Each structure stands twice: as structure tokens, then as C-alpha cells.
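I opened this entry to look up how the copies of the chain are arranged and what lies between them.

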Number of protein chains: 2
Amino acid sequence: MTLFVVGLGLADERDITVKGLDAVKSCERIYLEAYTSILMVPKERLEAFYGKPVIVADREMVESEADVILHNADKVNVAFLVVGDPFGATTHTDLVVRAKENSIPVVSIHNASIMNAIGCCGLQLYNYGQTISIVFFTENWRPDSFYDKIKQNRDLGLHTLCLLDIKVKEQSLENMARGRKIYEPPRYMTVNQAVEQLLEIEEKRQQNGKWLRGGMESVRSIYSPNTIAVGLARVGAEDQTIIAGTMQELLTADFGGPLHSFVIPGNMHFLEADILRTYAVNRETFNANAVVLEH
Amino acid sequence: MTLFVVGLGLADERDITVKGLDAVKSCERIYLEAYTSILMVPKERLEAFYGKPVIVADREMVESEADVILHNADKVNVAFLVVGDPFGATTHTDLVVRAKENSIPVVSIHNASIMNAIGCCGLQLYNYGQTISIVFFTENWRPDSFYDKIKQNRDLGLHTLCLLDIKVKEQSLENMARGRKIYEPPRYMTVNQAVEQLLEIEEKRQQNGKWLRGGMESVRSIYSPNTIAVGLARVGAEDQTIIAGTMQELLTADFGGPLHSFVIPGNMHFLEADILRTYAVNRETFNANAVVLEH
């Protein structure tokens, strides 16, 4: 029969499309990919809505047990549910390739994802440059390759969408080393944490720049505590929160529960600024720091 | 009550979300924005599905008759349907602003749009730079500002999504001048037309470059008839078509009816190339011309 890869959208069980729901209801087994993103409702809400059990598929299962997921999918329909759009994450590409190798037809059903829903803050989608990911820093691992991409976007006057890290079903190094399948509680990066990491990297890059240039020149910063940015939480949900402000202001703004996203605007068209200003913590600091193109 | 701005997704009446459908069914009046994009089914299919009449709102109505659309929306629910996601187009921002000025609550319901569904061709969304629009050339108006944006994206190794022009309910210059409300048949730019215009602009830019430099130097092209690109038609529909090939090959490939989209890949990760290759007109020309990063 068919492997349906169904996008669930962003917030709750009713964000699935009618086409997607019909497909799910036709399936004998339903898997939920639950490690690259999450809905804001528990899987029991999905099960009640579909009238069927839902199997949570963790990374291990998707990456190493594709055959289990695809078992007898040549005879019955199987659904693989993905938060957002099916093509938002790469991790299940293998599953689709494996299905095709086994002559199992694959049908993907699109839905909203943060990549297009981010338009809700008022910054136009066609004014965004490349999207970046910000991962949790650890004591010894503080990767900052995103910095150069933000620089490229800002040099072109473009906005940058920052996807914030989520850690679901991760093992501690100790448990991993000892082969103990004990998992840490899930962690979702907040806007506050993202801003903190971004400002740390900016400071480090400037220090490196000064050092490279013998400490004599001033180094141009890409952003600063005064740069206007936008934090978003639970996009698409009833309690969606959008706050615009300086990075300093966003360091302590309260966004509530996950998931959070972050945008660093480039040069704003005045219509973009007009909408974004309605979400400002403080209109005075917004007007003083926003880079708005002339009418 | 509420103004619901509801994304319809990409293809047919069943691409609406369950949340969106419930909202539409609660509405006393339903408007369909039908000039920045189109579904692949006529409005009668929507009406049958909703069990309610649908009013087609053209640009004139949305831009100058917002009060008609919002009439008594403080007492009843009104739906404004948008193909794709509500935040894909800017043209109805005014409507939302007007609603808020009149203290009418606005609820937006997200859906897939070409901006995220384009992931279906295998090129990862986070490797795209800014999106461009290609408009129909006329005899005297051949705007090419998109060229510099493609250049910026390609210089960074990024993919470029090209949105192709649609002309719905346009008047000829003569009819406009005479104030006759006679409209031309709708036109939707094909991948073939887009490639033709792109190649024309590249040739013109190179000639200008040679002229500026006294005809002595060779001018670096941004793309050429041998550049690998991707044409897509009716994304999300059952007869969705994806064809990858050189721009020369795509000049004559048959994509069928609207809507069409176009992507110029930057540097491809080998996994991206593996997927895109499955859509190639000709694997030999694909392999000879695709720019694929080393493993």
C-alpha cells in the first residue's frame, strides 16, 4: 500500500490537514517522529483525535529500525507523522529512500512549519537569508559557525531565522559510556539562552579580531546588545507570544514554555517595522535601534 | 466576533487544516483571495466542501473595500481565505490592520506554502538564500533586479527559489486608459518562460559587462544554459511534477498546467544531489553539470 509522511503543523492535533487526517485514519500503524520538534499537546491527544494508537519513534528507531516501521507496508498503509512539514528535517530521508527501494509508494502531505509560519512577526519571508541553527553550548563545545552566516545575511540587509536547539531523549556522556539506556529530561533552548550565546560569541569574535590585528583597530560588530531582534514562542498556538526588543531586553523577557524561535532582522522596510513595532517591549528603544529603510 | 485569515495550503479543498475548516464553518461570510496565488480546484469545490458560498475577492476589493469585507465582523465571524499561508503575501496586511483598528479580533491559521513546501525537491530549506520573484517581461519593461540577488545567493553557495509571475484579472493598457472593466485571460508563468527570461538577462548582463570593460575581458556568468536547475509544477497536488536538468533542457521540458516554481541550486550537499538526481531529465548531463560538495 502506501507510506504516508504527514506534516502535523505547529501547535495541536487540529493543525493536521483534512487530507492528512484522512490518510492517518486509513493507516494500520502510526508513528510519530518526536525528536526534531514537538507539538504542544501530548500524544494521547493525537490518539483520541485519530481513534488509533500512536507509536512514538525516537531517533534510534527511525535511523536503525526503518524495516520495523516499513514492515508489511506493501500490504497496509503506514503513517509517519512529522511536526511541521515532512521536508523540514533530513533525519527521515533514509526512511523514504528505504521505502522506495522496497517499491512502497510514498505520499507526503504538506503543512506549515516554522520556516514559513515565521512570517507572522511581520518580516517578509522573501527578505530572509539563510536559516541558522543554534545548539546548546556545553563546557567544551561552543560551536559558532552560525556567526558567519548571520554576518552574510546582515551584510546583504537580510533577516536571519535562528532555529533553537532541542534535546529529547539524550543520554549523559557517563550513561552513554556505560551503555545505560537512561535518558536526560528534554531540554528546549529559550530565546534568553539563545541571546546569551549569541552575545558571548560576538564578544569572543571581537576579542579574536583585536588580537589578530594587534589590538590596535576597532572591530566591527555584527550585532550588539542594542540590536533589535524578535523572540517567538509557541507559533501557531493560542498562547503564541511575539516580543521584539533589543537583544539586551530579550535576555530577560519571559516567553513561557517551548518551542522558541528567534529572528535577527536585517534592514526593515517601513511596513515591516510598523508591524514589528506592535510587538515591541519598548517603542522608544525599538525606534532608536531598528534599522528601517526610508519611505 | 472574529476575522479568521485561513491558509488553504497548496492544491485542493482538502489541504485546509481541521482547525481552519472549523473556523470557516463558523463564519457568516467567506472571502477567497484569488489574485496572488490559486488553488488547483475551482471555487465551487470549496463551496461544496464548506457547505457555504464563497465570495472571490479580487485585488480591487481587498485593497479598496476592506470595510465591505469587515462589515459587521464585530458581530459575526468572517473568513478571509488565502492560498498557501496567511503570511505569504503582503497585499492583505491592510485588511488585518483595519480589523485591529476596529477592535475586531484577528486569528490567523497557518498552512503550507511554496516557501516551505519547496523542500520536496530534496534541496534543504536552510541552504536557501533570499527568494526572488520573476515577472513577465513586456516589450518595454524587462526588470532584472533579481539577477543581483541570484548572484548574491550563488556567491554564498546557496539555493534560490524563484516565484513565477501570475496575472489574474488584469486590464490591457488600452482598456485601463478607457476605463473599461474588461479583463485579460489569466496568465501563469511557466518554467520554460522563466528560463528564457533568465538566460536573456544573463546574456544582456554579460554584454554590458564587456562593454563596460572595453570588450577585452571575459565576464564571469552567474549561470548559463548548462547550469543545473529544478522546475516544479503543482506542488502538493497528485500530479505534482519535478524535473531537474540544465537550463537548456528545462527550456523545453513539459511541466503541464500551473502553478510553476523554479529553483537554481547553489552548491549541493551530496545527499541533496542524490535526491535531486532522481528527478533528472538526463543523469549524465546532471552529473556533468551539478556542483556537488565533496563527501
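How much area do chain A and chain B bury between them, and what share of it is on carbon and sulfur atoms? I noted about 3300 Å² for chain A and chain B, 58% of it on carbon and sulfur atoms, where buried area is the accessible area (1.4 Å probe) that two parts lose on being put together, summed over both.

Before going on I wrote down the conventions: this is a predicted model, in which local features need pLDDT of at least 70, side-chain atom pairs count only at pLDDT 80 or more, and totals for chains, interfaces and linings use all residues. Residues are numbered from 1 along each chain as its sequence is written, chains are lettered from A in the order in which they are written, and side-chain values use heavy atoms, with hydrogens and water left out.

I then looked up the symmetry, and found that a rotation of 180 degrees with 0.0 Å of shift along its axis superposes chain A on chain B with an RMSD of 0.0 Å (least squares on the C-alpha atoms of residues with pLDDT of at least 70 in both). The two copies are therefore related as by a two-fold rotation axis. The same surface serves both copies, since 100% of the contact residues of chain A recur in chain B (contact means heavy atoms within 4.5 Å).

For charged pairs I recorded six salt bridges between chain A and chain B, each a side-chain nitrogen of Lys or Arg within 4 Å of a carboxyl oxygen of Asp or Glu. One salt bridge joins D22(A) to R14(B), with the closest N and O atoms 2.9 Å apart.
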